[in-house]
Amino acid sequence: MALSSAALSMGIILSFLFWTWLQKWFSPWISRRYFAERYAKLIEGAKGQGEEAKKLKKKLVDWDARIPGFLHGALASALSIYCCFYDEAMMADPLRATSNAWLVTVSVAAGFFAWDLYLCVSHFSVFGMEFVIHASFCLVTYLICGYVQEHPFAWHASSLLMFELSTPFLHSRWAMIEFKWDPQLITYFTYMFAAAFFVARILWGNFYAFPLIWRALVYGPKIPVWQAGMFWFNSILSAMINTYWMIFIIKSGMKGKRKKKDA
């Protein structure tokens, strides 16, 4: 059963508006209500000129984007787990099947990445080209898997959203560091983030989800060349990025331990 293009388009638009509302209105409201002094200083500092103001502007944009990032990580993880392990139709036919759960999942994901791309483009000096490219490829992937009628690869696209399992730990750790929580608790969350990243992106992603996609592309039914090419490119690039970031996390952890020993 292919998704209704009208329903999907409406879902993506509503999702985009929701993440935009969180970033532009809800997050600043929460910050002014509970962290008024700190947030006011951040806003004033970002209005200035020079390198310091540029750093504060980047911090302000990053600050306002944390709530959407955290909520999307938690929501996308829950939806992807349901689609992959509880949606019988999608489990029975990973290449062709869709469902109402998939409609919600792809709407949430595509709307989020559309918002992410908008944020990165509108604050290009803050994020740079690499984040624009990342958001673009994520958005294109979920638009393809949402709108393609015959072989949307919906189950496989859902399986890749499980990469978001580590995201809530990342944002929670940021908040703990920002507000100077107990260092031991921060250390625990650092380990939890690293473990979740390894399980979700390396074990599940690089060693299971991506090989399933590659197998389907080689031995499965023939799909349009452009679609196969996009899936090959995105999956290989994502696997490389996952590996790079895992190495970066490990090196950062080792560097932090060496600093503690030297101190």
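**Close-up views of a predicted model**

**View 1. Ser-80 is found in helix H3.** Helices here are DSSP runs of H or I with at least four residues, numbered from the N terminus. This is a predicted model, where local features need pLDDT of at least 70 and side-chain atom pairs count only at pLDDT 80 or more, while totals for chains, interfaces and linings use all residues. Residues are numbered from 1 along each chain as its sequence is written, and side-chain values use heavy atoms, with hydrogens and water left out. Is Ser-80 buried or exposed? Ser-80 counts as buried because its relative accessibility is 0%; buried means under 20% relative accessible area, exposed over 50%, and partly exposed in between, using a 1.4 Å probe and protein chains only. A polar atom of the Ser-80 side chain sits 2.9 Å from the backbone oxygen of Ser-77. Skip the residues up to four places away in sequence, and Ser-80 touches Ser-158, Leu-161 and Met-162 (contact means heavy atoms within 4.5 Å).

**View 2. Here H3 meets helix H9, residues 167-178.** Their axes come within 8 Å and cross at roughly 140°. Axes are lines fitted to C-alpha atoms, for helices over the stretch in contact, and angles run from 0 to 180 degrees between N-to-C directions. On the H3 side, look for residues including Trp-63, Arg-66 and Phe-70; on the H9 side, Leu-170, His-171 and Trp-174 are among them. The residues of this contact split into 6 nonpolar, 5 polar and 4 charged. In this count Ala, Val, Leu, Ile, Met, Phe, Trp, Tyr, Cys and Pro are nonpolar, Asp, Glu, Lys and Arg are charged, and the others, Gly among them, are polar.

**View 3. Phe-113 belongs to the largest nonpolar core, which has 53 residues.** Such a core is a set of buried Ala, Val, Leu, Ile, Met, Phe, Trp, Tyr and Cys residues joined through side-chain atoms within 4.5 Å. Phe-113 is one of the residues that touch the most other members, along with Trp-102, Tyr-142, Phe-153, Leu-160, Leu-217 and Phe-231. H5 gives the most to this core, with 13 residues. Leaving out neighbours within four places in sequence, Phe-113 is in contact with His-72, Ala-135, Cys-138, Leu-139 and Tyr-142.

**View 4. Met-246 is found in helix H11.** With a relative accessible area of 9%, Met-246 is buried. Which residues does Met-246 touch, not counting those up to four places away in sequence? They are Ala-194, Phe-197, Phe-198 and Ile-202. Ser-159 is 87 residues from Met-246 along the chain, and their C-alpha atoms are separated by 19 Å.

Definitions and conventions. Helices (H or I, at least four residues) and strands (E, at least two) are DSSP runs, numbered from the N terminus. A polar contact is a pair of N or O atoms within 3.5 Å; within protein, one must be able to donate a hydrogen and the other to accept it, and residues adjacent in sequence count only if both atoms are side-chain atoms.
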